[in-house]
Amino acid sequence: MTKQSMLAVVKANAAPGVELQTIPVPKPKAGELLVKVKAASICGTDISIYDWTPWAEGHIKPPIVIGHEVVGEVIEINPSVGSGQAVYAEDIKIGDLVSSETHIFCGSCYQCRIGNRHICENMELFGIGRNGGFAEYETIPIRTSCKNDRSVSIEWMSTQEPLGNAVHVVTKANVAGKRVVVFGLGPTGLCAVAAAKAFGAREVIGINRGEYRRKLGKSMGCDATYDELPKTLVNQCDVVLEMSGNKECFTQALEAVRIAGTMIAFGIPKAEVSLNVGKYLINKEMTIASVFGRRIWEPWYQVSDLLKSKKVNLGKIITHEFKLKEFEKAMEIMKSGKCGKILLRP
Ligand code: ZN
């Protein structure tokens, strides 16, 4: 029998910090699953929420259970379809291990109808705009749940979401046979390194200030790593993936792109970034594109294939594991930058 109350990491107030609270176990609404969380991983977004950045302020109305990179076991299914919304899902049964897509789409807006559900106009974000998975139990809409292949480990299942972002970035950039530079070797940047290799990049170079993550970059497949862009690489890179969200990196990334090269912006800068349109965009005739989340569902299938075939080894970037109740300790290490992915277990 399901417990009545559970432990959860709650953004309780519109201020820095979070609270560990005992709250009622949620009930799945029409078209939702009740899931017993097995593992969750901490994302850079969770740091923004913890610190209460302007971005967090604009996206969160406390109280909210945070956490969006999760895997858990389905223990209840409420299949009835409410308010005319279609249920999109593989055949999900009790006992299945599912993860949640963070971008909860409406299914009926213009973007959803033309195949861009990941950038739905009415998007609700799991663990940000609605209760998430840093808890013992969570509810997930059936239409945004992804059934996991059991040959993949629980640990890897919980970190698919950032790899999905990386796969979307890498496939949008079309990296096969090319020299690729990745700015920012945080977990998603590290996933981008591995994904670029898996999708056939000729050479992958990682740029990151901290040495700890440069080492992780090497283990994920970087041919070379630097603390900043070396002069020898200015105008020499076919594809540049900006995964850091750092203002200076954004300019270095534009410097790195060769004439008629491609840059994909993924990292979200904390403040406005200016762009020299003449020098970069026009003179280089370069392509700048951006990625917000995973397309639904193609990258999830690609991620599953990369993990099943062991072409990407997420074990190399999962560096720490904590109990849910040790969240503060985990957050401290997360903020130090001396970690890859940090797992939480209820
Ligand atoms: Zn929509």
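This is a predicted model: local features need pLDDT of at least 70, side-chain atom pairs count only at pLDDT 80 or more; totals for chains, interfaces and linings use all residues.
1. Domain layout. The domain assignment divides the protein chain into domain 1, with bounds 5–159 + 317–345, and domain 2, with bounds 165–290. Their C-alpha centres are 28 Å apart. Eight residues of domain 1 and ten residues of domain 2 take part in the contact between them. On the domain 1 side, the touching residues comprise two nonpolar, four polar and two charged.

2. Buried face of helix α11. This helix covers residues 327–336, and its buried residues are Phe327, Ala330, Met331 and Met334. Viewed down the axis of α11, these buried residues fall within an arc of 100°, and they therefore line one face of the helix.

3. Opposite face and end of α11. Glu332 and Ser336 are exposed, and they sit on the face of α11 turned away from its buried side.

4. Cis peptide bonds. Most peptide bonds are trans, which sets the background for two entries here. Pro62 and Pro63 are joined by a cis peptide bond with omega of about 0°. Pro63 belongs to the loop between α2 (54–59) and β4 (64–65). The bond from Ile296 to Trp297 is also cis, and its omega is near 10°. Trp297 is placed in the loop between β16 (287–290) and α10 (298–308).

5. Positive phi at Trp52. Most residues other than glycine have a negative phi. Trp52, which is not a glycine, has a positive phi near 60°. This residue lies in the loop between α1 and α2. Is Trp52 buried, exposed or partly exposed? There are 18 other C-beta atoms within 10 Å of Trp52, so the residue counts as partly exposed, since a buried residue needs 20 or more and an exposed one has 12 or fewer.

6. Positive phi at Asn174. Asn174 is likewise not a glycine, yet its phi is positive, at about 55°. Its position is in the loop between α5 (160–173) and β11 (179–183). Asn174 has 13 C-beta neighbours inside 10 Å and therefore counts as partly exposed.

Terms used
Residues are numbered from 1 along each chain as its sequence is written. Helices (H or I, at least four residues) and strands (E, at least two) are DSSP runs, numbered from the N terminus. The arc is that of the directions from the helix axis to the C-beta atoms. Domain bounds come from an automatic or database domain assignment. Two residues are in contact if their C-beta atoms, placed from the backbone, lie within 7 Å. Ala, Val, Leu, Ile, Met, Phe, Trp, Tyr, Cys and Pro count as nonpolar, Asp, Glu, Lys and Arg as charged, and the others, Gly among them, as polar.
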